[in-house]
Amino acid sequence: MNIELTRFKVKKGKSKKVDEWLKFLNDNMKDVLVTLENEKMYVETIFRETINGEEYLYWYSVQGKGGQTVEQSDHWIDKKHLQYWHECIDPTYEPVDLKTEVIMIPEKVRERMN
């Protein structure tokens, strides 16, 4: 199992496009959830924060081993998601992986995730 929390920087001037992106994901959740199956993604959550005028998105995920990457997907949701990604995420900013310190998942839930 892979558990991650990663910070990505939003390109300047793209806040409205991020609004649109997140609304798109929420509005199409039924299809979004279908794509998570092939990725072996058990939980994926996006957080948003502004620090000193800079906007960041954080991805929190709990994923099984051997899942398909979003880039390998042919699903229309993933293709649109990647279009938003390329338009909104600053490629010059090195993503920051926060360090996992404690994992609290009850054993009966953990067993179902494998």
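**Two strands count as paired if DSSP finds at least two bridges between them.** With that in hand, welcome to a tour of this predicted model.

**View 1. Strands β1 and β3 run side by side in the antiparallel sense.** Here, β1 covers residues 2-9 and β3 covers residues 54-63. Eight bridges join the two strands. Which residue of β3 is the bridge partner of L5? Look for Y60, which takes that place.

**View 2. Four strands make up an open sheet.** Their order across the sheet is β2-β3-β1-β4, and the pairing is antiparallel. The edges belong to β2 (41-51) and β4 (96-97), each of which pairs on one side only. As a reminder, strands of a sheet pair through backbone hydrogen bonds, either parallel or antiparallel.

View 3. In the chain, 74% of the contacts with a separation of 6 or more are between residues 24 or more positions apart. Along the principal axes, the C-alpha atoms fill a box of roughly 45 × 35 × 20 Å.

View 4. The chain has 114 residues, and 32% of them count as buried. Its accessible surface comes to about 7900 Å², with 51% belonging to carbon and sulfur atoms. How far apart are the mean positions of the positive and negative charges? For the 18 positive and 21 negative charges of the chain, these mean positions are 2 Å apart.

Note on methods: Residues are numbered from 1 along each chain as its sequence is written. This is a predicted model: local features need pLDDT of at least 70, side-chain atom pairs count only at pLDDT 80 or more; totals for chains, interfaces and linings use all residues. Side-chain values use heavy atoms; hydrogens and water are left out. Buried means under 20% relative accessible area, exposed over 50%, partly exposed in between (1.4 Å probe, protein chains only). Contact means heavy atoms within 4.5 Å. Accessible areas come from the Shrake-Rupley method with a 1.4 Å probe; for residues, only the protein chains shown count as cover. Lys and Arg count as positive and Asp and Glu as negative; His and the chain ends are not counted. The place of a charge is taken as NZ of Lys, CZ of Arg, CG of Asp or CD of Glu.
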